[in-house]
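Dear colleague,

Please find below the structure that I am handing over to you. My notes on it follow directly after.

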Amino acid sequence: MSVLDLTAFARLVEVERERFATASPFPHVVADDLFDAAALRAMAAEFGGTADGWTYWHHVNERKRGLSDRARMGDATRAVIAALETPAFLALLERLTGVPGLLADPHLDGGGLHETLPGGFLNVHTDFLSHTLERTWRRELNLLLFLNEGWEPAHEGCLEFWDAAVSRCERRIEPRFNRCVVFRTSTTSFHGVPAGVACPPGQSRKSLALYYFRDAGHALRLRPTHYVPRPADGPLQRVLIHADRMALRAYSLLKRYTPFGDAIVSKLLRKL
């Protein structure tokens, strides 16, 4: 059996494409049970099979880890990613979103496997909008696939979508097993997991993150991840978020223009 039910996804595209365009607070769709459950269980099991190659994002605005090196991923993970990079799938994504010329990312820049342990979080932000390495590539879409079987509301970890003014959360999406979220990325697509993760010790919030791009045909200005405070954040938290955002911008410039990459920084952040 294919890891992804393309026929079911094609039906969803026809039903949801108009609602996708008008969804609030920005275009998005949430779909359940498109993937073979056994394949996703095997994929979730592979999180513990790779000790090396993880990037640790431990700083003011997030605390989680990620794996983007395909060579270090397991067979089930690579099979799911491959299914989400086929021309047939990209064509359906284009029809759903109205974005032509989509490109899958061979580098998995910032994407791949993501894992958040209890106490981890991701502050509200908009994503980097130009590829770190492919300088003419503009980021258009995010796809998130959740791998958390038996996830309960008390475990928190909801993906939050905020309005353009970051004045209120307009939607919370539980990271349930076999749930897929696709959304447009822009300067106002504010999202995150700011409430954090509260699952029991020994468990974690697991997901696959894939980003899709278009070739703009010219070099793009670097637009790093842009973190913002929520209305309830106090003065000190606001200062820390801003300072961390400036540090991230400096790091993004180093990553684009020098050999200074995730592996070096991760070794430092892992100790925090």
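Axes here are lines fitted to C-alpha atoms, for helices over the stretch in contact, and the angle between two of them runs from 0 to 180 degrees between N-to-C directions. Please bear in mind that this is a predicted model.

I begin with a pair of helices. Two packed helices are described by the angle between their axes and the distance between the axes. H1 and H4 pack at about 20 degrees, and their axes lie 8 Å apart. Angles under 35 degrees count as roughly parallel, and H1 and H4 are therefore roughly parallel to each other. Their crossing is right-handed. On the H1 side, the residues that meet H4 include Leu 6, Phe 9, Val 13 and Phe 20; on the H4 side, Phe 89, Leu 92, Leu 93 and Leu 96 are among them. By type, the residues of this contact divide into 10 nonpolar, 1 polar and 4 charged.

Which residues touch the most other members of the largest nonpolar core? They are Leu 84 and Tyr 212, in a core of 45 residues. Elements that each supply at least two residues of this core include helices H1 (6-22), H2 (37-45), H3 (75-83) and H4 (87-97), as well as strands E7 (137-146) and E12 (205-215). Setting aside neighbours within four places in sequence, Leu 84 is in contact with Leu 4, Phe 35, Phe 89, Leu 90, Leu 143, Leu 208, Leu 210 and Tyr 212. A second, separate core has 13 residues, including Phe 128, Trp 137, Phe 161 and Phe 213.

Strand E12 also holds Ala 209, which is buried with a relative accessible area of 0%. Not counting residues up to four places away in sequence, Ala 209 touches Gly 111, Gly 112, His 114, Leu 143 and Leu 144.

Finally, some points of backbone geometry. Most residues other than glycine have a negative phi, and most peptide bonds are trans. Ser 24 and Pro 25, however, are joined by a cis peptide bond with omega of about 10 degrees, and Pro 25 is in the loop between H1 and E1. Glu 156, in the loop between E7 and strand E8 (159-162), has a positive phi of about 60 degrees. Val 166 also has a positive phi, near 50 degrees, and is found in the loop between E8 and strand E9 (169-173). Are these two residues buried or exposed? Glu 156 is partly exposed, with a relative accessible area of 35%, whereas Val 166 is buried, at 11%.

With kind regards

Notes:
Residues numbered from 1 in each chain as written. Predicted model: local features only at pLDDT ≥ 70, side-chain atom pairs only at ≥ 80, totals over all residues. Heavy atoms only, no water. Core = buried A, V, L, I, M, F, W, Y, C linked by side-chain atoms within 4.5 Å. Buried < 20%, exposed > 50% of the residue type's maximum accessible area, 1.4 Å probe, protein only. Helix = DSSP H or I, 4+ residues; strand = E, 2+ residues; numbered from the N terminus. Contact = heavy atoms within 4.5 Å. Parallel < 35°, antiparallel > 145°, perpendicular 65-115°, else oblique. Left-handed = near helix turned anticlockwise from the far one by under 90°. Nonpolar A, V, L, I, M, F, W, Y, C, P; charged D, E, K, R; others polar.
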